[in-house]
Amino acid sequence: MVKQTIQIFARVKPTVRKQQQGIYSIDEDEKLTHSLEIVLPRDLADGFVNNKRESYKFKFQRIFDQEAKQEIIFEIIAKPVAESTLAGYNGTIFAYGQTGSGKTFTITGGAERYSDRGIIPRTLSYIFEQLQKDSSKIYTTHISYLEIYNECGYDLLDPRHEASKLEDLPKVTILEDPDQNIHLKNLSLHQATTEEEALNLLFLGDTNRMIAETPMNQASTRSHCIFTVHLSSKEPGSATVRHAKLYLVDLAGSERVSKTGVGGLLLTEAKYINLSLHYLEQVIIALSEKHRTHIPYRNSMMTSVLRDSLGGNCMTTMIATLSLEKRNIDESISTCRFAQRVALIKNEAILNEEIDPRLMIVRLQKEIEDLKAELAMATGEQRTEALTEAELLQLEKLIASYLEDQDPESRLEVGADMRKIHHCFHHFKKLLNDKKTLENTVSSESTRQACQEPLRDEEYTKLLGLLKQRDNEISILSRGR
Ligand code: ADP
Ligand code: MG
């Protein structure tokens, strides 16, 4: 088990205009703590001197400034999470920030240059590269891509996307089993055996996401997208399977309702995004407060899906994306504040191992085969489930001569073969039962005499001999086991 607080990183997007001086600064102290200071610009137009410089300081694991390349973002942020997924732990990376701050650029990447590839394609590339290197395990990789829009889930990899509109496709819904595990109904899982196949699925999902988008319906800023890599691994011959999921999450824009506040449809959407991010915030607050027992995961679809990533069995990382321009200062501060809360959450990641019953059966069957072969080699004879006619005949002869043998020391040697031993027992039981039935018939015919007549000496000795014989047989048979 690995206990870890959620790691928080910040990434500042390059500004279009030349960077406005003095809005923010990034420091690193001697303890290697990184902090981002955001300075509220003194409004010179106000005309009076304000000596109090208002500034806010936020600590992060690391802060990436405008010129940070996608490569370093992957190396520092995503690679450790991908590594822990390869080791069998669940992992999550989510990007949080206002629209236009670089969430999609960070998670998926820019389409123009190959070097602009984001976390998802780089992670897929890394995972498949590692899988190829590691021949000690058998890996299976599946991909799913879920979009949550206005509290409804859509499968971005549903093959029916081409023919039907997003709204007409079956919605992805949440099912909870008695152990409170979340299952997603109608979300398809696609096996990917190579990096190329996995990338194609990513592109397919992104295309479907874009098709649904019209100027009136800018779904991408208003929806949450969860790209999931499901990885199972097992050692050859072992029935223990490890399952790990890696969630790569591009959240909806975190801007507040007042800014998006337009009439009609847009307002409903704005309310919804804010509602679901508001619920995310509530979950984060509840998790960061000690002694809170109820965490309101169920309030929204997104928090239900990400339940394990937040305060559960997962190694989780958050990237706060910031567009640090003057007009975005309040949004940037609210993003950083959110991150500080997130950093208080402790997660416990455990290995998700289970025994696959099908594999267990196959393994046991193989073991039986091996043991049979070994036995055949040791005894020089092939064993089938039942004794052959010839073997039975031989055994009956052995039993008969054993029973006839008057020597109390005599033995019934059948060898270390359970089938023969069992057969002897069956035979003896039958003999005993037959004898009992016979005695009963005889005694009921001559009850009176029998009751009064004591056992004859001859009969007594015979019975005693039989008893001894049985004792012997039993001890022989139990020694043979
Ligand atoms: P969001 O998903 O948060 O709304 P985007 O990722 O779509 O924001 O970014 C908005 C625009 O800024 C896009 O055109 C994107 O290519 C560009 N952009 C974002 N971050 C960077 C960056 N670090 N370097 C270069 N361009 C970026
Ligand atoms: Mg986006």
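Is Glu439 buried, partly exposed or exposed? In this predicted model, Glu439 counts as partly exposed, because its relative accessible area is 43%, a value that lies between the limits of 20% for buried and 50% for exposed. The side chain of Glu439 meets that of Lys435 in a salt bridge, with 3.5 Å from N to O. Both residues belong to helix α12, which covers residues 418-445, and because they stand 4 residues apart there, about one helical turn separates them. Lys435 is likewise described as partly exposed, since its relative accessible area is 34%.

With that pair in view, the reader can turn to the chain as a whole. The protein chain has 481 residues, of which 42% count as buried, and its secondary structure comprises 14 helices and 17 strands.

The bridge between Lys435 and Glu439 is one of the 16 salt bridges that the structure holds. Another of them is formed by Arg209 and Asp250, whose closest N and O atoms are 3.7 Å apart. This pair links distant parts of the chain, for Arg209 sits in helix α4 (residues 195-211) while Asp250 sits in strand β14 (residues 240-250), and the two are 41 residues apart. Arg209 and Asp250 are both buried.

A further salt bridge joins the side chains of Arg327 and Glu325, at 3.6 Å from N to O. Here the two partners fall into separate classes of accessibility: Arg327 counts as exposed because its relative accessibility is 57%, whereas Glu325 is buried because its relative accessible area is 7%.

The surface also carries patches in which residues of one kind are grouped. A negative patch is formed by Asp27, Glu28, Asp29 and Glu30. Of these residues, Asp27 lies in strand β3, which spans residues 24-28, and with a relative accessible area of 32% it is partly exposed.

Leu464 has its place in helix α14, which covers residues 457-480. Because its relative accessibility is 43%, Leu464 counts as partly exposed.

What surrounds Thr303, apart from its neighbours within four places in sequence? The residues in contact with Thr303 are then Tyr279, Leu280, Val283, Pro296 and Tyr297. The C-alpha atom of Thr303 is separated by 9.8 Å from that of Gln282, a residue 21 positions away along the chain.

Technical notes
Residues are numbered from 1 along each chain as its sequence is written. Chains are lettered from A and ligands numbered from 1 in the order in which they are written. This is a predicted model: local features need pLDDT of at least 70, side-chain atom pairs count only at pLDDT 80 or more; totals for chains, interfaces and linings use all residues. Side-chain values use heavy atoms; hydrogens and water are left out. Patches are made of residues with over 30% relative accessible area and no salt bridge: like charges are joined within 9 Å, nonpolar side chains (Val, Leu, Ile, Met, Phe, Trp, Tyr) within 5 Å. Accessible areas come from the Shrake-Rupley method with a 1.4 Å probe; for residues, only the protein chains shown count as cover. A salt bridge is a side-chain nitrogen of Lys or Arg within 4 Å of a carboxyl oxygen of Asp or Glu. Lys and Arg count as positive and Asp and Glu as negative; His and the chain ends are not counted. The place of a charge is taken as NZ of Lys, CZ of Arg, CG of Asp or CD of Glu. Buried means under 20% relative accessible area, exposed over 50%, partly exposed in between (1.4 Å probe, protein chains only). Contact means heavy atoms within 4.5 Å.
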